[in-house]
Amino acid sequence: MIGSKTGISFDFITSSKYRSQEYALAQGAGDIIAMESDDFDRAEDNNYKLTRSYISDPIGFIMKFNNQNSVKTVATVRGTYLPDSFYKDYEIEYFDTLQEVLKQVVNDKVDAGYIYELAFEMVEQLPIYKNLRMTATENFNMNMAVGNSAVGALYSILEKAIVNISDSELSDIEYKNLAKRQYPSSLDSLKDNWAIMVLFVFLIFTLSVVIVILTKNNRLKLKHNDELQKALAKAKESDESKSLFLLSMSHDLRTPMNSIVGNSDFALRDLDNKDNVKSSLLDIKASSGLLSNIIEELLDLSSLEQYEIPLKNEAFDISKLVEGLMERTKLVAKQKNLTSSYDIKTDHDIVIGDPKRLLRVFENIVNNSVIYSEKGNINLSMVENSIDEFNSEYKVVISDTGIGMSKEQLDRIFEKFYSVKTTKTYKTGGLGIGLNIAKGILDKMNASVEIESELGSGTVFTCKIPLKIVNSEGKKEKKEEIFLDLSDKKLLLVEDIEINVKIMVKMLSKTSINVVVAHNGKEALEMFKADDSFDIIFMDLQMPVMDGYEATRQIRAIDSDKAKSVPIIAVSANAFDKDIIRALNAGVNEHFAKPIGLDRMLELLKRYF
């Protein structure tokens, strides 16, 4: 992993004892220790320097459930990290494999075992270990140790490389060679095949084996300084991409904001001229749409980084989804003197999946084609290929006659923070990371995307998406316009930002519902205690004095039937999956993400009245 990110090649040797690699480092026999605990005092005493931590794994005791005795004897695997206090507090017995350690615990030969939590997770489902439990005592933070002779350019390279290891890559390091392997149903089956057993032990202790990385001493001499500088430049590449992305984001956010602020001033100063006010309002609406798209891209990117995009499973018409997108694309393409076309050949239109996310994928790719095409046609074709009676693969090909992409762009197009934006495309109003997001969503759908492109010859995107198919009865009826008369209902609106209050009150006035406003959670709680006649509560989550989470918990804690049953809707810009779960745990009925449109508001109210 580090080698691929820096371009440096390494020679590897292993050490059977956890601390013995320090001696090799001190003698100059090695330059780097790949896995070292974060004992900075020890590092200083032994004349080596620690990088930042890149893996943190719980470590602790394995005991029987019914063991109530104090721990005196401890079994562990050779090479496992042990705190210095262990050597005086316990009698330690060392073994070569995890199986031997666990066998000692099962047969009451020792009071406890001491292993990494990840190692135990790999085997805890085996019947022989069903009576064992693990108690984590601390986190073992893994760092890289660099000998003083190598501190300098090499240390900087390693630091940069570690910073740019993504969460998914770290998960791969921890689980790739462990979680995806099939374990036997008993230890005896491992013993019958020594090759499998050796592989099993090796995989389990990937995180606890100390690897001493040896490089030739002369590689760090001046004659190889150019090689190190090249490696350092490669390690900085990801940082530069992130910096360019942030600069682009700053520009893209300010552009629609300037339009919104400027046109708002124009409209306020020219209220008597209805045509000018209408023109300003249309510009504000268009700029708001651009700003909303940018925020959506940022939320999607952040969610993908944290693996937080929850995919829905609902019935929808994939043909209508594609048709609607391409009909809208016609209008946009026409403004650039482009043509657009589409061809759909499917036997089953109604499928089960996440229509919002899938539309996001197609929109990002089609919009990219429109942005980077100056003449010609944008075409989308969709063909259904049956997998079995209940599943089909939908092959969607989107092609354009645009400027195409270079080999470098094709190689980097799905990299984190890499943007394909150019000075010619800033006016389009996006962050240029739509393809990154599309790829991330498709990955979560177990779908794929391939790109063929050459500079000056256009681009072809091919998506293959597996989906469950349903009967035509699953088609949705055309949405009817909603009219609500809630003049006999009372709503408590909890919101601290005045402009949001005005917008919400204006939208709610379409229903004639009686609105009472509280400006923070504490004020809302006091209002509800004084008068619990509210039929529904709209609760912002991020507020001063008392936030919406705590206000909801305290309202639900009131000893009355109304407090327990009144619908509380979280209306908030905190829209990540973890925010939604936190709100639901606090007691809200559902989460309603800002920004809010009138149709969504009416649909929500219709569900409760």
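## Close-up views of a predicted model

**View 1. Lys 594 and the residues around it.** Beyond its neighbours within four places in sequence, Lys 594 is in contact (heavy atoms within 4.5 Å) with Glu 495, Asn 500, Asp 540, Val 571, Ser 572 and Ala 573. You will find Lys 594 in the loop that links strand E21 (590-593) to helix H22 (598-608); helices (H or I, at least four residues) and strands (E, at least two) are DSSP runs, numbered from the N terminus. With a relative accessible area of 24%, Lys 594 is partly exposed, a class that falls between buried (under 20% relative accessible area) and exposed (over 50%), using a 1.4 Å probe and protein chains only. Ala 570 is 24 residues away along the chain, and its C-alpha atom is 9.9 Å from that of Lys 594.

This is a predicted model, in which local features need pLDDT of at least 70 and side-chain atom pairs count only at pLDDT 80 or more, while totals for chains, interfaces and linings use all residues. Residues are numbered from 1 along each chain as its sequence is written, and side-chain values use heavy atoms, leaving out hydrogens and water.

**View 2. The open sheet that includes E21.** Five strands follow the order E18-E17-E19-E20-E21 in an open sheet of 5 strands with parallel pairing; two strands pair if DSSP finds at least two bridges between them. Strand E18 (514-518) and E21 are the edge strands, each pairing on one side only. On average, neighbouring strands of this sheet are turned by 25 degrees against each other, direction ignored.

**View 3. Strands E19 and E20, with helices on the sheet.** Strand E19 (residues 536-539) and strand E20 (residues 568-572) run parallel and are joined by 3 bridges. Here Phe 538 stands opposite Ile 569 in E20. Helix H19 (residues 548-557) packs on the sheet and touches E19 and E20, its direction making about 155 degrees with that of E19. Axes are lines fitted to C-alpha atoms, for helices over the stretch in contact, and angles run from 0 to 180 degrees between N-to-C directions. Helix H18 (residues 521-530) lies across strand E17 (490-494), E18 and E19, and runs at about 130 degrees to E18.

**View 4. Thr 51, a buried loop residue.** Thr 51 sits in the loop between strand E3 (48-50) and strand E4 (55-64). Its relative accessibility is 2%, so Thr 51 counts as buried. Setting aside neighbours within four places in sequence, Thr 51 is in contact with Asn 143, Met 144, Val 146, Tyr 155, Leu 158, Glu 159 and Ile 162.
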